[in-house]
Amino acid sequence: MTREEFQTLTAERIVLLDGATGTNLQKAGMPVGVCPEQWILENPEVLVGLQKAYVAAGTDILFAPTFTANRIKLAEYGLQERLVEMNRELVALSKRAASEHTLIAGDLTMTGEQLYPLGELQFEELVEVYKEQVQVILDAGVDLFVVETMMSLQECRAAVIAIRELCDLPVMVLLTYNEDGRTLYGTDPATAVVVLQSLGADAVGMNCSTGPEAMMEPVQHMAEYATIPIVAKPNAGMPELVDGRTVFNVGPEEFALAGKKLAEEGAGILGGCCGTTPEHIRALK
(Lines give C-alpha, C1' and ligand atoms only; values in the text may rest on other atoms or scores of the structure.)
Protein backbone atom coordinates (compact mmCIF):
# COMPACT_ATOMS: atom_id res chain seq x y z
CA MET A 1 0.00 0.00 0.00
CA THR A 2 1.36 3.42 -0.88
CA ARG A 3 1.25 6.33 1.51
CA GLU A 4 -1.08 8.12 -0.93
CA GLU A 5 -3.50 5.16 -0.87
CA PHE A 6 -3.42 5.23 2.92
CA GLN A 7 -4.22 8.97 2.88
CA THR A 8 -7.12 8.39 0.51
CA LEU A 9 -8.53 5.56 2.64
CA THR A 10 -8.37 7.56 5.87
CA ALA A 11 -9.84 10.66 4.18
CA GLU A 12 -12.86 8.69 2.93
CA ARG A 13 -14.06 7.17 6.20
CA ILE A 14 -13.26 6.02 9.72
CA VAL A 15 -10.81 3.11 9.45
CA LEU A 16 -11.16 0.24 11.92
CA LEU A 17 -8.27 -1.61 13.51
CA ASP A 18 -8.55 -4.91 15.36
CA GLY A 19 -9.07 -5.35 19.11
CA ALA A 20 -6.92 -6.98 21.76
CA THR A 21 -4.65 -9.92 21.02
CA GLY A 22 -2.88 -10.65 24.33
CA THR A 23 -5.89 -10.67 26.67
CA ASN A 24 -7.82 -12.92 24.27
CA LEU A 25 -4.90 -15.34 23.91
CA GLN A 26 -4.69 -15.52 27.72
CA LYS A 27 -8.40 -16.36 27.82
CA ALA A 28 -7.66 -19.09 25.27
CA GLY A 29 -4.99 -20.62 27.50
CA MET A 30 -1.72 -18.72 26.95
CA PRO A 31 0.10 -18.81 30.32
CA VAL A 32 1.67 -15.74 31.90
CA GLY A 33 5.44 -15.44 31.45
CA VAL A 34 5.86 -17.29 28.15
CA CYS A 35 7.11 -15.69 24.94
CA PRO A 36 3.78 -14.71 23.30
CA GLU A 37 5.16 -15.06 19.76
CA GLN A 38 6.41 -18.59 20.44
CA TRP A 39 3.08 -19.56 22.03
CA ILE A 40 1.22 -18.23 18.99
CA LEU A 41 3.41 -20.28 16.65
CA GLU A 42 2.76 -23.38 18.77
CA ASN A 43 -1.00 -22.64 18.80
CA PRO A 44 -1.56 -20.99 15.42
CA GLU A 45 -5.27 -21.80 15.12
CA VAL A 46 -6.06 -19.70 18.22
CA LEU A 47 -4.55 -16.59 16.62
CA VAL A 48 -6.01 -17.24 13.16
CA GLY A 49 -9.47 -17.85 14.68
CA LEU A 50 -9.29 -14.63 16.69
CA GLN A 51 -8.14 -12.55 13.73
CA LYS A 52 -10.78 -14.08 11.43
CA ALA A 53 -13.38 -13.02 14.00
CA TYR A 54 -11.97 -9.47 13.89
CA VAL A 55 -12.17 -9.43 10.10
CA ALA A 56 -15.77 -10.67 10.24
CA ALA A 57 -16.54 -7.93 12.79
CA GLY A 58 -15.38 -5.19 10.39
CA THR A 59 -11.64 -4.76 10.96
CA ASP A 60 -9.86 -3.00 8.08
CA ILE A 61 -6.30 -3.37 9.41
CA LEU A 62 -5.06 -6.44 11.30
CA PHE A 63 -1.93 -6.15 13.43
CA ALA A 64 0.40 -9.06 12.64
CA PRO A 65 1.47 -10.61 15.99
CA THR A 66 5.12 -9.56 15.61
CA PHE A 67 4.77 -7.18 18.61
CA THR A 68 7.82 -8.17 20.69
CA ALA A 69 9.66 -10.28 18.09
CA ASN A 70 12.71 -8.01 18.04
CA ARG A 71 16.20 -9.31 18.86
CA ILE A 72 16.39 -7.77 22.36
CA LYS A 73 13.00 -9.10 23.51
CA LEU A 74 13.50 -12.55 21.94
CA ALA A 75 16.88 -12.82 23.69
CA GLU A 76 15.02 -12.82 27.04
CA TYR A 77 13.70 -16.26 26.02
CA GLY A 78 16.86 -17.42 24.21
CA LEU A 79 15.02 -17.16 20.89
CA GLN A 80 16.97 -14.38 19.15
CA GLU A 81 18.39 -16.80 16.55
CA ARG A 82 14.84 -17.61 15.42
CA LEU A 83 13.96 -13.96 14.68
CA VAL A 84 13.73 -14.39 10.90
CA GLU A 85 11.55 -17.50 10.82
CA MET A 86 9.34 -16.28 13.69
CA ASN A 87 8.52 -12.90 12.14
CA ARG A 88 7.96 -14.51 8.75
CA GLU A 89 5.58 -17.13 10.15
CA LEU A 90 3.71 -14.64 12.35
CA VAL A 91 2.93 -12.43 9.34
CA ALA A 92 1.84 -15.54 7.41
CA LEU A 93 -0.74 -16.34 10.14
CA SER A 94 -2.36 -12.92 9.76
CA LYS A 95 -2.42 -13.43 5.99
CA ARG A 96 -4.35 -16.64 6.56
CA ALA A 97 -6.90 -14.74 8.65
CA ALA A 98 -7.27 -11.75 6.30
CA SER A 99 -9.93 -11.27 3.65
CA GLU A 100 -9.02 -9.81 0.26
CA HIS A 101 -9.85 -6.32 1.61
CA THR A 102 -7.95 -6.59 4.93
CA LEU A 103 -4.67 -4.75 5.29
CA ILE A 104 -1.91 -6.23 7.45
CA ALA A 105 0.34 -4.06 9.61
CA GLY A 106 3.74 -5.25 10.75
CA ASP A 107 3.84 -4.50 14.48
CA LEU A 108 6.82 -3.10 16.42
CA THR A 109 7.06 -2.04 20.06
CA MET A 110 9.53 -1.13 22.83
CA THR A 111 12.57 -3.35 23.30
CA GLY A 112 12.52 -3.00 27.09
CA GLU A 113 16.09 -1.64 27.09
CA GLN A 114 16.61 1.98 28.05
CA LEU A 115 18.45 4.29 25.71
CA TYR A 116 21.68 6.02 26.70
CA PRO A 117 22.17 7.98 28.99
CA LEU A 118 19.49 6.23 31.10
CA GLY A 119 20.71 2.84 29.88
CA GLU A 120 23.49 1.30 27.79
CA LEU A 121 21.72 1.15 24.42
CA GLN A 122 22.88 3.72 21.86
CA PHE A 123 20.31 5.30 19.50
CA GLU A 124 22.08 3.96 16.39
CA GLU A 125 22.08 0.44 17.83
CA LEU A 126 18.35 0.65 18.47
CA VAL A 127 17.73 1.73 14.87
CA GLU A 128 19.64 -1.38 13.74
CA VAL A 129 17.60 -3.63 16.08
CA TYR A 130 14.40 -2.28 14.54
CA LYS A 131 15.78 -2.46 10.98
CA GLU A 132 16.55 -6.15 11.40
CA GLN A 133 12.94 -6.90 12.35
CA VAL A 134 11.46 -4.47 9.79
CA GLN A 135 13.37 -6.11 6.93
CA VAL A 136 11.98 -9.57 7.73
CA ILE A 137 8.42 -8.24 8.15
CA LEU A 138 8.78 -6.32 4.90
CA ASP A 139 9.97 -9.43 3.06
CA ALA A 140 6.98 -11.32 4.49
CA GLY A 141 4.70 -8.90 2.64
CA VAL A 142 2.85 -6.50 4.94
CA ASP A 143 0.86 -3.49 3.71
CA LEU A 144 1.98 -0.99 6.34
CA PHE A 145 3.65 -0.72 9.76
CA VAL A 146 2.45 0.15 13.25
CA VAL A 147 4.74 1.17 16.11
CA GLU A 148 2.60 0.76 19.23
CA THR A 149 2.39 0.84 23.02
CA MET A 150 5.38 3.19 23.03
CA MET A 151 6.44 5.07 26.15
CA SER A 152 9.48 6.83 24.72
CA LEU A 153 9.41 9.39 21.90
CA GLN A 154 13.08 8.62 21.27
CA GLU A 155 12.28 4.96 20.64
CA CYS A 156 9.41 5.99 18.35
CA ARG A 157 11.91 8.06 16.38
CA ALA A 158 14.29 5.09 16.12
CA ALA A 159 11.52 2.80 14.85
CA VAL A 160 10.21 5.31 12.28
CA ILE A 161 13.76 5.99 11.04
CA ALA A 162 14.36 2.23 10.72
CA ILE A 163 11.18 1.78 8.68
CA ARG A 164 11.84 4.83 6.50
CA GLU A 165 15.39 3.66 5.75
CA LEU A 166 14.01 0.41 4.33
CA CYS A 167 10.70 1.29 2.69
CA ASP A 168 8.06 3.88 1.93
CA LEU A 169 5.05 2.03 3.37
CA PRO A 170 2.63 3.91 5.64
CA VAL A 171 3.55 4.04 9.33
CA MET A 172 1.19 4.54 12.29
CA VAL A 173 2.75 5.42 15.67
CA LEU A 174 0.81 4.91 18.92
CA LEU A 175 2.07 5.99 22.32
CA THR A 176 0.70 5.11 25.72
CA TYR A 177 0.01 7.93 28.18
CA ASN A 178 -0.31 7.94 31.97
CA GLU A 179 -3.12 9.59 33.92
CA ASP A 180 -1.18 12.87 34.01
CA GLY A 181 -1.47 13.00 30.19
CA ARG A 182 2.21 12.31 29.58
CA THR A 183 4.20 9.25 28.59
CA LEU A 184 6.41 7.50 31.14
CA TYR A 185 9.26 9.66 29.81
CA GLY A 186 7.28 12.91 30.06
CA THR A 187 6.10 13.59 26.49
CA ASP A 188 2.64 15.09 26.00
CA PRO A 189 0.36 14.12 23.06
CA ALA A 190 0.73 17.43 21.16
CA THR A 191 4.54 17.23 21.21
CA ALA A 192 4.41 13.61 20.01
CA VAL A 193 2.19 14.59 17.07
CA VAL A 194 4.41 17.48 15.99
CA VAL A 195 7.63 15.43 16.20
CA LEU A 196 6.29 12.27 14.57
CA GLN A 197 4.46 13.85 11.65
CA SER A 198 7.59 15.87 10.83
CA LEU A 199 9.57 12.59 10.87
CA GLY A 200 7.26 11.05 8.28
CA ALA A 201 4.64 9.15 10.28
CA ASP A 202 1.35 8.74 8.36
CA ALA A 203 -0.91 8.50 11.42
CA VAL A 204 -0.28 9.11 15.10
CA GLY A 205 -2.21 8.47 18.26
CA MET A 206 -2.51 6.42 21.42
CA ASN A 207 -3.30 2.90 22.55
CA CYS A 208 -3.59 0.87 25.73
CA SER A 209 -3.12 2.57 29.13
CA THR A 210 -6.67 3.95 29.46
CA GLY A 211 -10.29 3.31 28.61
CA PRO A 212 -12.00 5.27 25.82
CA GLU A 213 -13.32 8.09 28.02
CA ALA A 214 -9.83 9.07 29.20
CA MET A 215 -8.68 9.32 25.58
CA MET A 216 -11.11 12.15 24.69
CA GLU A 217 -8.96 15.00 25.96
CA PRO A 218 -5.62 13.79 24.51
CA VAL A 219 -7.32 13.24 21.13
CA GLN A 220 -8.63 16.83 21.25
CA HIS A 221 -5.09 18.09 21.93
CA MET A 222 -3.65 16.03 19.10
CA ALA A 223 -6.34 17.24 16.70
CA GLU A 224 -5.19 20.84 17.21
CA TYR A 225 -1.75 20.04 15.78
CA ALA A 226 -2.24 17.02 13.54
CA THR A 227 -1.95 17.22 9.77
CA ILE A 228 -2.26 13.40 9.60
CA PRO A 229 -4.97 11.01 10.89
CA ILE A 230 -5.28 10.44 14.65
CA VAL A 231 -5.51 6.89 15.99
CA ALA A 232 -7.32 5.84 19.19
CA LYS A 233 -7.08 2.20 20.34
CA PRO A 234 -8.29 2.22 23.97
CA ASN A 235 -8.63 -0.60 26.46
CA ALA A 236 -12.10 -1.80 27.46
CA GLY A 237 -11.77 0.36 30.56
CA MET A 238 -9.18 -0.07 33.27
CA PRO A 239 -8.30 -3.57 34.49
CA GLU A 240 -9.79 -4.69 37.80
CA LEU A 241 -8.95 -7.78 39.82
CA VAL A 242 -12.08 -9.87 40.43
CA ASP A 243 -11.68 -13.30 42.14
CA GLY A 244 -8.01 -13.36 41.14
CA ARG A 245 -8.78 -12.67 37.48
CA THR A 246 -8.16 -9.48 35.53
CA VAL A 247 -11.44 -8.08 34.24
CA PHE A 248 -12.11 -5.12 31.92
CA ASN A 249 -15.45 -3.51 32.62
CA VAL A 250 -16.44 -1.64 29.44
CA GLY A 251 -18.78 -3.77 27.32
CA PRO A 252 -19.17 -3.60 23.52
CA GLU A 253 -22.08 -1.11 23.45
CA GLU A 254 -20.52 1.35 25.89
CA PHE A 255 -17.20 0.99 24.05
CA ALA A 256 -18.88 1.72 20.70
CA LEU A 257 -20.62 4.86 21.98
CA ALA A 258 -17.31 6.14 23.36
CA GLY A 259 -15.67 5.29 20.03
CA LYS A 260 -18.25 7.46 18.26
CA LYS A 261 -17.32 10.33 20.59
CA LEU A 262 -13.61 9.77 19.91
CA ALA A 263 -14.36 10.09 16.20
CA GLU A 264 -16.23 13.34 16.86
CA GLU A 265 -13.20 14.65 18.79
CA GLY A 266 -10.99 13.99 15.78
CA ALA A 267 -9.87 10.34 15.72
CA GLY A 268 -10.03 8.93 12.19
CA ILE A 269 -8.68 5.45 12.95
CA LEU A 270 -10.25 3.43 15.78
CA GLY A 271 -9.69 0.03 17.37
CA GLY A 272 -9.47 -1.67 20.74
CA CYS A 273 -6.65 -2.69 23.06
CA CYS A 274 -6.59 -4.83 26.25
CA GLY A 275 -9.91 -6.43 27.14
CA THR A 276 -11.61 -5.74 23.81
CA THR A 277 -13.02 -8.59 21.72
CA PRO A 278 -14.45 -9.06 18.22
CA GLU A 279 -17.82 -8.05 19.76
CA HIS A 280 -16.36 -4.65 20.72
CA ILE A 281 -15.14 -4.12 17.15
CA ARG A 282 -18.48 -5.25 15.70
CA ALA A 283 -20.32 -2.76 17.91
CA LEU A 284 -17.88 -0.03 16.90
CA LYS A 285 -18.43 -0.86 13.23
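This briefing covers the sheet, the nonpolar cores, selected residues and the backbone exceptions of the structure above. The model is predicted. The largest nonpolar core holds 57 residues. A cis peptide bond joins Tyr-116 and Pro-117.

- β2 pairs with strand β3 (residues 103–108) over three bridges, in the parallel sense. Within this pairing, Ile-61 has Leu-103 of β3 as its bridge partner.
- Strand β4 (residues 144–150) runs parallel to β5, and four bridges join them. Val-147 stands opposite Val-173 of β5.

**Strand β5**

- Strand β5 spans residues 171–175, and five of the five are buried. The strand is therefore largely enclosed by the rest of the structure.
- Both faces of β5 are covered. Val-171, Val-173 and Leu-175 are buried on one side. Met-172 and Leu-174 are buried on the other.

**Nonpolar cores**

- In the 57-residue core, Phe-145, Val-173 and Leu-196 touch the most other members.
- Helix α7 (residues 123–140) gives the most to this core, with nine residues.
- Beyond its neighbours within four places in sequence, Phe-145 is in contact with residues including Val-134, Ile-137 and Leu-138. Its contacts also include Ala-105 and Gly-106. Val-171 and Met-172 are among them too, and both of these are buried residues of β5.

**Asn-207**

- Asn-207 lies in strand β6 (residues 203–207).
- Its relative accessible area is 0%, so Asn-207 counts as buried.
- The side chain of Asn-207 makes a polar contact with the side chain of Thr-149, at 2.9 Å.
- Leaving aside neighbours within four places in sequence, the contacts of Asn-207 include Glu-148, Leu-174, Leu-175 and Thr-176. Met-215, Lys-233 and Cys-273 are also in contact with Asn-207.

**Rings and charge**

- The structure holds zero aromatic pairs.
- Lys-233 lies over the face of Phe-63, at 4.6 Å from the ring centre. Lys-233 is also one of the residues in contact with Asn-207.

**Backbone exceptions**

- Most residues other than glycine have a negative phi, and most peptide bonds are trans.
- The Tyr-116 to Pro-117 bond is cis, with omega of about 10 degrees. Pro-117 lies in the loop between β3 and α7.
- Cys-208 is not a glycine, yet has a positive phi of about 60 degrees. Cys-208 sits in the loop between β6 and α10 (216–225). Its relative accessible area is 16%, so Cys-208 counts as buried.
- Ser-209 also has a positive phi of about 60 degrees, although it is not a glycine. Ser-209 is found in the loop between β6 and α10.

**Pro-65**

- Pro-65 lies in the loop between β2 and α5 (71–75).
- Pro-65 counts as buried because its relative accessibility is 7%.
- Pro-65 and Glu-37 are 28 residues apart along the chain, and their C-alpha atoms are separated by 6.9 Å.
- Not counting residues up to four places away in sequence, Pro-65 touches Glu-37, Ile-40, Leu-47, Leu-90 and Ser-94.

**Gly-237**

- Gly-237 is found in the loop between β7 (230–233) and β8 (239–242).
- With a relative accessibility of 6%, Gly-237 counts as buried.
- Gly-237 touches Gly-211, Pro-212, Phe-248, Asn-249 and Val-250, residues up to four places away in sequence not being counted.
- Gly-237 and Thr-277 are 40 residues apart in sequence. Their C-alpha atoms are 13 Å apart in space.

Key: Residues are numbered from 1 along each chain as its sequence is written. This is a predicted model: local features need pLDDT of at least 70, side-chain atom pairs count only at pLDDT 80 or more; totals for chains, interfaces and linings use all residues. Side-chain values use heavy atoms; hydrogens and water are left out. Helices (H or I, at least four residues) and strands (E, at least two) are DSSP runs, numbered from the N terminus. Buried means under 20% relative accessible area, exposed over 50%, partly exposed in between (1.4 Å probe, protein chains only). A polar contact is a pair of N or O atoms within 3.5 Å; within protein, one must be able to donate a hydrogen and the other to accept it, and residues adjacent in sequence count only if both atoms are side-chain atoms. Contact means heavy atoms within 4.5 Å. Rings of Phe, Tyr and Trp (its six-membered ring) pair if their centres lie within 6.5 Å; planes under 30 degrees apart count as stacked, over 60 as edge-to-face and the rest as tilted. A charge sits over a ring if NZ of Lys or CZ of Arg is within 6 Å of the ring centre and within 35 degrees of the ring normal. Two strands pair if DSSP finds at least two bridges between them. A nonpolar core is a set of buried Ala, Val, Leu, Ile, Met, Phe, Trp, Tyr and Cys residues joined through side-chain atoms within 4.5 Å.
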